[in-house]
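Hi,

Here is the structure I promised to pass on.

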Amino acid sequence: MLAITVKIEFAAAKRLLGYEGKCAFLHGYRHAIEASFSAENLNDAGMAVDFYAVRKLLQDWVDENWDHNLILNAKDKELGDSIEKITSQKIFYLAENPTAENMAEYLFQKICPELIKDYIGLKCVKLRLYDNPGAWVEISG
């Protein structure tokens, strides 16, 4: 299987509900995402897909929703509402805690398929979300 991979980086803050360590408090991260895509066939130019086009789709979504933003569990709405009221910042809510695992799953299962729906035969086959430079979660399928 031939796959292309794009990498983007973003900064975000989060906290984990029901966690007993430091991540229970608001804290920031410098995340990176590597997303790999395969195509059924190469196009007339000999490419699975244009790197720039796929990177831009993913980067635009991340810039709009996660970059320099607060990502919270949907059950943490009281905190999010308070911060939004004071700062006018739009808060992004996940159905569960914003762990690297849950964020990667959300991107892989929901966002990537939606972003590339107009590219016939293109599929996200692997996604790696770095929690920090030395630790990441990887999902494939």
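Let me start with the surface: the chain has an accessible surface of about 8,200 Å², and 52% of that belongs to carbon and sulfur atoms. Areas here come from the Shrake-Rupley method with a 1.4 Å probe, and for residues only the protein chains shown count as cover.

Some ground rules before the rest. This is a predicted model, so local features need pLDDT of at least 70 and side-chain atom pairs count only at pLDDT 80 or more, while totals for chains, interfaces and linings use all residues. Residues are numbered from 1 along each chain as its sequence is written, and side-chain values use heavy atoms, with hydrogens and water left out.

**Overall picture**

The chain comes to 3 helices and 6 strands, in the order β-β-α-β-α-β-α-β-β from the N terminus. (Helices are DSSP runs of H or I with at least four residues, strands are runs of E with at least two, and both are numbered from the N terminus.) The C-alpha trace spans about 50 × 30 × 20 Å along its principal axes.

Of the 141 residues, 42% count as buried. Buried means under 20% relative accessible area, exposed means over 50%, and partly exposed is in between (1.4 Å probe, protein chains only). If we take contacts between residues at least 6 apart in sequence, 61% of them join residues at least 24 apart; a contact means heavy atoms within 4.5 Å.

On charges, the mean positions of the 16 positive and 21 negative ones are 3 Å apart. Lys and Arg count as positive and Asp and Glu as negative, with His and the chain ends not counted. Each charge is placed at NZ of Lys, CZ of Arg, CG of Asp or CD of Glu.

**The strands**

Two strands count as paired if DSSP finds at least two bridges between them. With that in mind, you can walk through the pairings like this:

- S3 (residues 69-73) runs parallel to S1, joined by 3 bridges, and here Ala-12 sits opposite Asn-69.
- S1 (residues 3-14) pairs with S2 (residues 27-39) in the antiparallel sense, over 12 bridges. Lys-7 faces Glu-34 of S2.
- S2 also pairs with S5, antiparallel again, over 8 bridges. Phe-37 is opposite Cys-124 in S5.
- S5 (residues 122-132) is joined to S6 (residues 135-140) by 6 bridges, and these two run antiparallel.

S5 and S6 make a hairpin with 2 residues between them. Asn-132 has Ala-135 as its bridge partner in S6, and Leu-129 stands opposite Val-137. S5 is mostly covered, with 8 of its 11 residues buried.

**Helix H3 and Phe-108**

H3 (residues 100-115) bends by about 40° at Leu-107. That bend is the angle between axes fitted to the seven residues ending there and the seven starting there. Leu-107 is also one of the buried residues of H3, along with Ala-100, Met-103, Ala-104, Phe-108, Ile-111 and Cys-112.

Why does Phe-108 count as buried? Because its relative accessibility is 9%. Setting aside neighbours within four places in sequence, Phe-108 contacts Pro-113, Cys-124, Val-125, Lys-126, Leu-127, Ile-139, Ser-140 and Gly-141. Phe-108 and Gly-141 are 33 residues apart in sequence, with their C-alpha atoms 9.2 Å apart in space.

**A few loop residues**

Lys-90 is in the loop between H2 (77-87) and S4 (92-94). With a relative accessible area of 41%, Lys-90 is partly exposed. Beyond its neighbours within four places in sequence, Lys-90 is in contact with Glu-64, Asn-65, Asn-69 and Glu-84. Lys-90 and Gly-21 are 69 residues apart in sequence and 26 Å apart in space, C-alpha to C-alpha.

Finally, backbone angles. Most residues other than glycine have a negative phi. Which way does phi of His-68 go, positive or negative? It is positive, about 50°. His-68 sits in the loop between H1 (51-65) and S3, and counts as exposed because its relative accessibility is 61%. Ser-88 also has a positive phi, near 65°. Ser-88 is in the loop between H2 and S4, and is exposed at 65% relative accessible area.

Cheers
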